[in-house]
Number of protein chains: 2
Amino acid sequence: MSGLTQDLAELVAESRKFVLPLDAIAIAKRGFIDAIATMLSGRNEKVVLTLCELHGRLERGGSSVLMGLASADVQSAVMINSASAHALDFDDVALLGHPSAVLVPAVLAEADRLGRSGAEAVAAYVSGYQVWAELCWRESDPLHAKGWHPTSIFGTIGAAAAVASLHGFDAVTARNALAIAASFSSGLAANFGSMAKPLQVGMAASRGVYAARLAGAGMTGSEDALEHYAGLLAAISPRGNTDRNSRIRPQERLWISELGLSIKKYPICYATHRAIDGLIELTRANAIASDDIGQVRVIFSPTQAALLRNHRPKTALEAAFSIEFAAAAAITAGHIGFEQMTDSYVGRADVQGLIEKVEIETIDTHSPNELGLALTERVIVVMHDGREFDSGEIRFARGNAQLPLSDEELSQKFHMCAQGVDWIDPDALLGKLQNLENLRATTDLTN
Amino acid sequence: MSGLTQDLAELVAESRKFVLPLDAIAIAKRGFIDAIATMLSGRNEKVVLTLCELHGRLERGGSSVLMGLASADVQSAVMINSASAHALDFDDVALLGHPSAVLVPAVLAEADRLGRSGAEAVAAYVSGYQVWAELCWRESDPLHAKGWHPTSIFGTIGAAAAVASLHGFDAVTARNALAIAASFSSGLAANFGSMAKPLQVGMAASRGVYAARLAGAGMTGSEDALEHYAGLLAAISPRGNTDRNSRIRPQERLWISELGLSIKKYPICYATHRAIDGLIELTRANAIASDDIGQVRVIFSPTQAALLRNHRPKTALEAAFSIEFAAAAAITAGHIGFEQMTDSYVGRADVQGLIEKVEIETIDTHSPNELGLALTERVIVVMHDGREFDSGEIRFARGNAQLPLSDEELSQKFHMCAQGVDWIDPDALLGKLQNLENLRATTDLTN
């Protein structure tokens, strides 16, 4: 027997023996830091509060909800933690979706339960990332356009792979975990913009854990559930242009080193990030005063223009999808954080004044890495006195895998997200996460 | 706002006011009887025992597992009960799948929890059936061939509709339940033949309940999650030949009355049932003695021939997919029940002797109602003395919606399935089920 499901199962079964290169460990740790940061930042969203109410029977010795706020059975905890990590759409990006919001809650909950070390948690995360990557490159047509939510589809299997690695399953048990997870893969693009989007992410993580536990208990799936002609890849394929038969090459490609993670620097739609970077830079370098600005021009893709449809936002919710607000805030505050994403900040006279000065132009180029974005974008600030400041071509947002945040910036994001969380010591937790691969047990994170 | 999701939500919201015709109530009650019968008959399958072990923390006041054997939280109970009802593939058939194995456990668990009456449970079941029917006729290409398991895909939404009806949700809440359920719809044909098949059925029921409870707690999905161009129907459609826009006509079509339920009479692959009926009839009518038979000819579709691939079965597992065994047992025992589906019966000399006398012929006609079956099939018994007994064309198996089991036969099936179950009184339970629409509370079923 050989084939994709079997190959991936062998990769998972070997994952605990594989010595990870340092760059892969460093990227995985950033995934843990970012997922826990965004999990904490999502804690007050309605989707999370409602899940807590529905699932929240406390259990002695149960799994940690929101890093120690409460505890619940393992699948409930994973559901809540993962939905919270994605609730503000502030979590990291790669592999056609959001890997860490799915993988980290699944890995931590099960690692805690099994008493696994930090190094084992990192290896499990990398396993999940690797399996996810092996699946998502095989489809050449756009899955979102067909109706699928790739994070939730591939995430279920990635989470199962990660948890299978934690359990130390042999290849047969790992194969059953992947096959059962394939049975549980779901999630629709049509539900974007509703609470069902973070729910889908929570379900992916929670069912990934469940699939692995089922396999561990002796449940079986088909040995070719992923690549079979009536298996997962064929089922979700928009037009059958899916590569079901190529062998994987784990020795040649460590996807996490190759593709990395893009970490969002600002808690606002990712389609605004390059313009924000450009305007912060221009404002700082040229000591631009808001009052002297005549016009702000943003040049990006028609898709970005369509997505960012709120041209005169009055509330923070509207502002999250407004390039005009993003530009105004970048110039006014020199930064965009949670304190800018408030109704009162959006309504400020100076911000509203600048919003009216922003003009959009579109350019029809395409980024090969980032669906819907122009290849590059550009911002130009035109002053009342006629001077023009031009960002030039901006290829990657700060935080993109190709232009990573510094450790200092990642720490800032972590602290920003953990603000007001009084059941943890953010410095201590961040310190432990930065040293995750040397942690004796993941339970030490919250102890 | 109008559209399929909204229309179905309104149907669900109205379902408690709608006065059901008697034939619909009668069919629904058969669904309850058959699902509970098969739930009991599946209780010792490995998939069920494993689920019980994994989920089986007993909870005071929890939901009933296997009609009173144990109790667990509602979603665990639904998962176990529904997987058990499908574990032997002996449960009823309609709507491209197995409606009652999904709907009945979901309805009963939530009706028990909410203290609903038998009539409300029946109305909820019909609601779930109706929504399921409205979805599955809209796709004109074969879903199984693309990779989907329609029971699990549509069942998730049907179960959510049924539970939404039980809760008495308004149209907006019911719409959110359907949209969230669409996010959770999954299940693969590639996993047929493994434990993941009944798991998929269990997941459909359990997630349907969960989706409805999430909506009841205030969670939202998109108002067009089913018919959106990136919604459920488009996502699963093999080639985009899906009708996403027709309005539903609940006043004109009560699908359950029109389509009914096909109930399996024998605990063996459905593709053998017509031949079994024919041979039992021929044997009885002509007082055929096994020893005098020279040959048994079975004429059916190439798909049936391929499916029933075990020509010389030695074990009960093999015999479940053997037309040769089915024919031999029908003639020898004049019936096929659990006592025939044992290794010792399969190995009996007279049965093995007859198995060798069975010949298969194929005919390339197609039943419009039943995927893969020939339009009709036929059995011919040729005696040593040259006489031939011919069944003629058999259009429907006994138990098919077009040729329903008598109440007496359904009771026999119930008792056969409940044999050895010592925590219920089968007569009392069956009596209550036959009177379900007059039951004060569904909890009375197990009290």
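Modeller: What follows takes the sheet and then the cysteines.
This is a predicted model in which local features need pLDDT of at least 70 and side-chain atom pairs count only at pLDDT 80 or more, while totals for chains, interfaces and linings use all residues. Residues are numbered from 1 along each chain as its sequence is written, chains are lettered from A and ligands numbered from 1 in the order in which they are written, and side-chain values use heavy atoms, with hydrogens and water left out.

Biologist: What is the strand order in the open sheet of chain A?
Modeller: The order of its 4 strands is β4-β3-β5-β6, with mixed pairing; strands are DSSP runs (E, at least two residues) and helices likewise (H or I, at least four), numbered from the N terminus, and two strands pair if DSSP finds at least two bridges between them. The edge strands, each pairing on one side only, are β4 (358-362) and β6 (388-390) of chain A.

Biologist: And how many bridges join β5 to β6 in chain A?
Modeller: There are 3, and the two strands run antiparallel; A:V382 has A:E388 in β6(A) as its bridge partner.

Biologist: Which strands does helix α13 of chain A touch?
Modeller: Helix α13 (residues 273-285) packs on the sheet, touching β3 (293-300), β5 and β6 of chain A, where contact means heavy atoms within 4.5 Å. Its direction makes about 40 degrees with that of β5(A), using lines fitted to C-alpha atoms, for helices over the stretch in contact, and angles from 0 to 180 degrees between N-to-C directions.

Biologist: Switching topic, how many disulfides are there?
Modeller: The count over all chains is 0, with a disulfide taken as a pair of cysteine sulfur atoms within 2.5 Å.
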